[in-house]
Amino acid sequence: MRAFEYREPDNLEEVLSLLHDHGEDAKIIAGGTALVIMLNQRLIMPSYLISLRKLAGLNSVDSADGALQLGALVTHREMETSPVIRDQIPVLAETFRQVATLRIRNMATVGGTLAHADPSQDSPVTLMALDARVGLSSSGGSREVPLDEFFTDYYETVLQPDELLTHVQVPLPKPHTGSIYLKFLPKTEDDYATVGVAASVEIEPSSQLCRECRIVLGGVAPTPLRVKEAEALLSGQKLAPELLHKAASVVQEHTDPISDSRGAADYKREMAGVCVRRALEQAWQRALTESP
Amino acid sequence: MTHTIRLNVNGKEHTVEVPSRRLLIDCLRYDLGLTGTKEGCSVGVCGACTVLMDGKPISSCLALALFADGKEIVTVEGLAREDRLDRVQQAFIDYGGFQCGICTPGMVVTAKALLDENPDPTVDEIKEWMMGNLCRCTGYYKIIESIQGATALEPGGE
Ligand SMILES: Cc1cc2nc3c(=O)[nH]c(=O)nc-3n(C[C@H](O)[C@H](O)[C@H](O)COP(=O)(O)OP(=O)(O)OC[C@H]3O[C@@H](n4cnc5c(N)ncnc54)[C@H](O)[C@@H]3O)c2cc1C
Ligand code: FES
Ligand code: FES
């Protein structure tokens, strides 16, 4: 690991002013689970490391205005165990619980997993299916970006070098909505997904037709992949096997997986179809049982 | 680019001068001479380097030493009280929970944190908690038996 200057500001203004002064040459460190490996392997060699460890105010889960606001420093383990999240958006707790192992979840943060932008990660997929938005701040001001406009490529996002991800806003699911995250793991349970699928389905309770849905995949493209063409197929329709097959094949056409240790590209594309069908079916079931 | 950190390791306060890039595992092993904690994969996967930070298991290979400033760290050296082994250590002996022993410091520390949080875990809860601690020797069944066995012993030793 190359030597670097280490700073540990306890307030946001100072973090942002350090980023303003050293942006290109600085890296933020939150949980460190991704960054320390990259530093150790000399994939990155920043001159400054700005630690968020002492920064107050970004580590709570708050409920307001029909949404949950997640501070960037909330850990994966807190997301998994938070009573508010388990109660209000259970699929989020279920997703974070499937990330890596307890040791990683104790350190890894919500902001870190989004800014890291590895398309094989789990929680960005579910957060995108829930229509989450991220809050970004720099010394010049703040902006909010819908998560489906946040990722741009493998490990790339719209975050500017002087910007900090401060929070994530997740709207509470509408009534009669069912959501699920399926992680396809052909090897071990602590692995990254070969394919991950998040599906969210809102139904019209009397007719049981699909009002709106979201389909997002991980591990099959350079970024988490939302397939609006498949979503459109489902809206106004009733759950039927042929419909699910049609949606799955539209999804498959949009995937662009690479062959790696977690599977050949063809295999991932095939499994993406299988997982989308299963995820939609289960989300739909959940939506039905949600209905009073 | 050195920093002075203060950390409590196994109940003892230490003040250490470390370069910013020092990893916690190296601080424990080389600066403090606590070589019980082992390094396996160096990328957070194997669990050999597990220590507790404020009671929570973490990979010390993924943490900067600076992260331990002001924190309480427990390593395998901190489990026994004088000549009494912790019940988890005793149970690993009684139930054959190790062979070569390289994974054992991480295993017992992780298991201790489990029993501190959940004194009577089910087999599924043990498996889920211990999932990230890899063992090449035992086939895991003896480890699960050891942790179940430990629940029957008095906390703090037997
Ligand atoms: C062994 C192992 C197994 C894993 N398995 C899985 C898995 O199964 N599923 C999964 O989804 N993920 C997995 N991961 C990845 C894990 O999710 C990420 O490492 C973690 O979420 C990163 O969060 P962090 O807080 O540790 O970020 P850090 O490592 O601190 O930072 C990661 C990146 O984000 C930037 N950053 C961090 N916080 C902010 C912020 N607030 N604003 C702007 N930039 C920021 C940093 O500069 C850095 O570039 C695994 C990681 C390891 C080491
Ligand atoms: S050496 Fe740290 S987890 Fe393997
Ligand atoms: S006892 Fe040898 S690796 Fe576990």
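**Figure 1. Domain layout of chain A in the predicted model.** Chain A comprises three domains: domain 1 spans 5-51, domain 2 spans 61-171 and domain 3 spans 177-289. The model is predicted. Taken over C-alpha atoms, the centres of domain 2 of chain A and domain 3 of chain A are 20 Å apart.

**Figure 2. Close-up of the interface of domain 2 and domain 3 of chain A.** The contact involves 24 residues of domain 2 of chain A and 24 residues of domain 3 of chain A. About 2,000 Å² is buried between domain 2 of chain A and domain 3 of chain A, and carbon and sulfur atoms account for 58% of that area. The count of salt bridges between these two domains of chain A is 4. One salt bridge, shown here, joins Asp122(A) to Lys183(A), with the closest N and O atoms 2.9 Å apart. Across the interface of domain 2 of chain A and domain 3 of chain A there are 8 residue pairs in polar contact, counted where both residues are at pLDDT 80 or more.

**Figure 3. Elements of domain 2 of chain A that face domain 3 of chain A.** The view again takes in the interface with 8 residue pairs in polar contact (both at pLDDT 80 or more). On the side of domain 2 of chain A that touches domain 3 of chain A, at least two residues come from each of helix H5 (90-97), helix H8 (123-129) and strand E8 (151-153) of chain A. H8(A) gives the most to that side, with 5 residues. By class, the residues of the side of domain 2 of chain A that touches domain 3 of chain A are 11 nonpolar, 7 polar and 6 charged.

**Figure 4. Surroundings of ligand 1.** Ligand 1 is surrounded by 35 residues, and the closest are Ile28(A), Ala30(A), Thr33(A), Thr109(A) and Asp122(A). The site is shared between chains, because the residues that surround ligand 1 come from chains A and B.

**Figure 5. Backbone atoms of chain A beside oxygen atoms of ligand 1.** A backbone N or O atom of Ala30(A) is 2.7 Å from an oxygen atom of ligand 1. For Gly32(A), a backbone N or O atom is 2.8 Å from an oxygen atom of ligand 1. A polar backbone atom of Ala100(A) lies 3.1 Å from an oxygen atom of ligand 1.

**Figure 6. Interface of chain B and chain A.** In the contact, chain B takes part with 29 residues and chain A with 33 residues. The buried area between chain B and chain A is about 2,500 Å², 61% of it from carbon and sulfur atoms. Within chain B, the most area is lost to chain A by Arg21(B), Leu62(B) and Phe67(B), which together make up 26% of what that side buries.

**Figure 7. Polar and charged pairs across the interface of chain B and chain A.** There are 3 salt bridges across this interface of chain B and chain A. Among them is the pair Arg77(A) and Glu117(B), whose closest N and O atoms are 3.3 Å apart. The interface of chain B and chain A also has 11 residue pairs in polar contact (both at pLDDT 80 or more). Strand E4 (56-59) and helix H4 (123-130) of chain B each contribute at least two residues to the side of chain B that touches chain A. E4(B) gives the most, with 4 residues. The side of chain B that touches chain A consists of 15 nonpolar, 8 polar and 6 charged residues.

**Figure 8. Interface of the two domains of chain B.** Chain B is divided into domain 1 (2-77) and domain 2 (87-151), and their C-alpha centres lie 21 Å apart. In the contact, domain 1 of chain B supplies 14 residues and domain 2 of chain B supplies 12 residues. Between them, domain 1 of chain B and domain 2 of chain B bury about 960 Å², with 69% on carbon and sulfur atoms. Thr50(B), Leu52(B) and Val76(B) in domain 1 of chain B lose the most area to domain 2 of chain B, together 38% of what that side buries. Between domain 1 of chain B and domain 2 of chain B the count is 0 salt bridges and 2 residue pairs in polar contact (both at pLDDT 80 or more). Strand E3 (residues 50-53) of chain B provides the largest share of the side of domain 1 of chain B that touches domain 2 of chain B, 3 residues. That side of domain 1 of chain B has 8 nonpolar, 5 polar and 1 charged residues.

Definitions and conventions:
Residues are numbered from 1 along each chain as its sequence is written. Chains are lettered from A and ligands numbered from 1 in the order in which they are written. This is a predicted model: local features need pLDDT of at least 70, side-chain atom pairs count only at pLDDT 80 or more; totals for chains, interfaces and linings use all residues. Side-chain values use heavy atoms; hydrogens and water are left out. Contact means heavy atoms within 4.5 Å. Buried area is the accessible area (1.4 Å probe) that two parts lose on being put together, summed over both. A salt bridge is a side-chain nitrogen of Lys or Arg within 4 Å of a carboxyl oxygen of Asp or Glu. A polar contact is a pair of N or O atoms within 3.5 Å; within protein, one must be able to donate a hydrogen and the other to accept it, and residues adjacent in sequence count only if both atoms are side-chain atoms. Ala, Val, Leu, Ile, Met, Phe, Trp, Tyr, Cys and Pro count as nonpolar, Asp, Glu, Lys and Arg as charged, and the others, Gly among them, as polar. Domain bounds come from an automatic or database domain assignment. A residue is near a molecule or strand if one of its heavy atoms lies within 4 Å of it.
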